[in-house]
Structure formats: structure tokens, C-alpha cells
Amino acid sequence: MGRGPARGLSWLALAAGVIGLPAAPVGSDEIKGWGATKAADSGVDRDVKHGGSAAAWLAGRSKTGPKVKTLVQAILADEFRGKRVRFSAYTKSQDLTDWAGLWMRVDTARHSPSFDNMIERPIKRTTEWTKHHIVLLVPADAEVISFGILLVGDGRVWIDDASFEIVPDVIGTTKNFDPNVPEMPSDLRDQLRRHADELREKKAYRPTNLDFES
Ligand SMILES: [Ca+2]
């Protein structure tokens, strides 16, 4: 991804109070459709994978880089408004000093009422391929849905065979919808609006490259 997506992602970082994202995410040139904190912290692995011929990885080097790294994809919420969505993926981890988790956040034009990053059920230490999921409510006024994986501290985590789907209302959310979360500051709201415009220009209505084969 070029400068446009990188600019678009910067508001994500500024939502640090919400998600604990690092200060300066940039687009990842290597993982098609996904952005990353820093290209050097992530990439495509053609040896370690769950399905197909590739997975994505994210590595921590807290001594030389930010403590929190993320891999992120953002889409327009249009087709998911009023629904519950489930983001799931297989992950594998190696020597995590802190923790990792899938994450997903739904933003309206003014706040982020649906957010989960698995902080209450973290991936720790070394694990083999395991499927995790997040289910969130997408409110009728949702603008953007962002999802991915985050890594706190050192170690390495892989993600593969993700899926993103609407689920019936009987499926419980992994984090409650909270319409009373604080509003974003106006500069963040401006960034979100620009980001949504960029996604609309790119026709980013559906997730892409969830199997990391592209
Ligand atoms: Ca794959």
C-alpha cells in the first residue's frame, strides 16, 4: 500500500486510548490488503502457515521498536450495519513475552462503540495453530470496521485462514456494544472521515486476502 492507505491508517494509531495502538502505522507493502505498524515488523511466511502456501507474521522487538505492533485491515461498514459480525483466524505464537490477540473495532462517525482485542483471553508464550474469534455488533450508523492482530512485547505471532462473516443474533458478542463510549476528539473524527472516503474510493466493502495467499 502507498501513501494514501498509510495516511488513512494514522487515525487508528491516534485512537490509542481506545486500543493501545502505536504511534505511527504505515502501509505494509508486502501483505496485500493489510497495513502494518512497520514493514520490518511483519511479512509473509511461506514456511510456517496454517493453510495454502502462506501466512502472515508479526514480530516484536521492544528494545528497538514500539511495544505494540499490529496488522490491520479496514473496510466500510455499509454491508454489515445492524448485523453481528465474526472475525476469526488461526494464530500461532512463539516466545511471547507479553501477549497477542485478534482485534476488531467498529467506528461510527463520532466514536467506537464496539471493540475487542482479546485482552481478557490473551494468546501467551508459545502456542500451536489455534482458532480464535471476535464477535461484535455493528450499529446502524457504523462507518468503518477495522480488524487484525496485535502483538504486545517481544516474540512472534502468525495469522492465517481468517474469516469475516455475518452471524445470527443468537451468537453472543465477545465484547458488549457500548453506545456510551466517549466521543473521539474532532481531529480523530476528521481522520476517520478521510479514511472512510479513501475506503469508498477503493470500494473496500469486503475484506480481502484473508488467507494471505495474494
Ligand atoms: Ca494461507
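Helices (H or I, at least four residues) and strands (E, at least two) are DSSP runs, numbered from the N terminus. By that rule, the chain has 3 helices and 10 strands. From the N terminus on, their order is α-α-β-β-β-β-β-β-β-β-β-β-α.

This is a predicted model, in which local features need pLDDT of at least 70 and side-chain atom pairs count only at pLDDT 80 or more, while totals for chains, interfaces and linings use all residues. Residues are numbered from 1 along each chain as its sequence is written, and side-chain values use heavy atoms, with hydrogens and water left out.

**The chain as a whole**

The chain has 214 residues, and 51% of them count as buried. Buried means under 20% relative accessible area, exposed means over 50%, and partly exposed lies in between (1.4 Å probe, protein chains only). The chain exposes about 9,600 Å². Carbon and sulfur atoms supply 49% of that area. Accessible areas come from the Shrake-Rupley method with a 1.4 Å probe; for residues, only the protein chains shown count as cover.

Among contacts between residues at least 6 apart in sequence, 78% join residues at least 24 apart.

**The calcium site**

Which protein atoms are the donors of the calcium ion? They are Gly51 (O), Ala54 (O), Asp160 (OD), Asp160 (OD), Asp211 (O) and Glu213 (OE), at 2.3 to 2.8 Å from the ion. Donors are N, O and S atoms within 2.8 Å of the metal (3.2 Å for Na, K and Ca); water is not among the atoms, so sites may look incomplete.

In sequence, the donor residues follow the spacing G-x2-A-x105-D-x50-D-x1-E. Ala54 sits in the loop between β3 (42–45) and β4 (55–60), and Asp160 in strand β10 (residues 155–167). This pair links parts of the chain 106 residues apart. Both Ala54 and Asp160 are buried.

The 6 donor atoms subtend angles of 49 to 161°, so the arrangement is irregular. Four donors count as tetrahedral if all angles lie between 85 and 135 degrees; four count as square planar and six as octahedral if opposite donors are over 155 degrees apart and all others between 65 and 115; anything else is irregular.

**Salt bridges**

Side chains of opposite charge can pair when their charged atoms come close. A salt bridge is a side-chain nitrogen of Lys or Arg within 4 Å of a carboxyl oxygen of Asp or Glu. The structure holds 12 salt bridges.

| Pair | Closest N and O atoms |
|---|---|
| Arg206 and Glu79 | 2.3 Å |
| Glu183 and Arg189 | 3.6 Å |
| Asp190 and Arg193 | 3.4 Å |

Arg206 forms a salt bridge with Glu79. Arg206 lies in the segment after α3 (186–201) and Glu79 in the loop between β5 (68–76) and β6 (84–108), so the pair ties together parts 127 residues apart in sequence. Arg206 is exposed at 54% relative accessibility, and Glu79 is partly exposed at 34%.

Asp190 and Arg193 are 3 residues apart in helix α3, which means about one helical turn separates them. Asp78, Arg81 and Arg200 are linked in a network of salt bridges.

**Two backbone angles**

Most residues other than glycine have a negative phi. Asp161, in strand β10, has a positive phi of about 45°. Lys203, in the segment after α3, has a positive phi of about 55°. Asp161 is partly exposed at 25% relative accessibility, whereas Lys203 is exposed at 63%.

How values were computed: Contact = heavy atoms within 4.5 Å.
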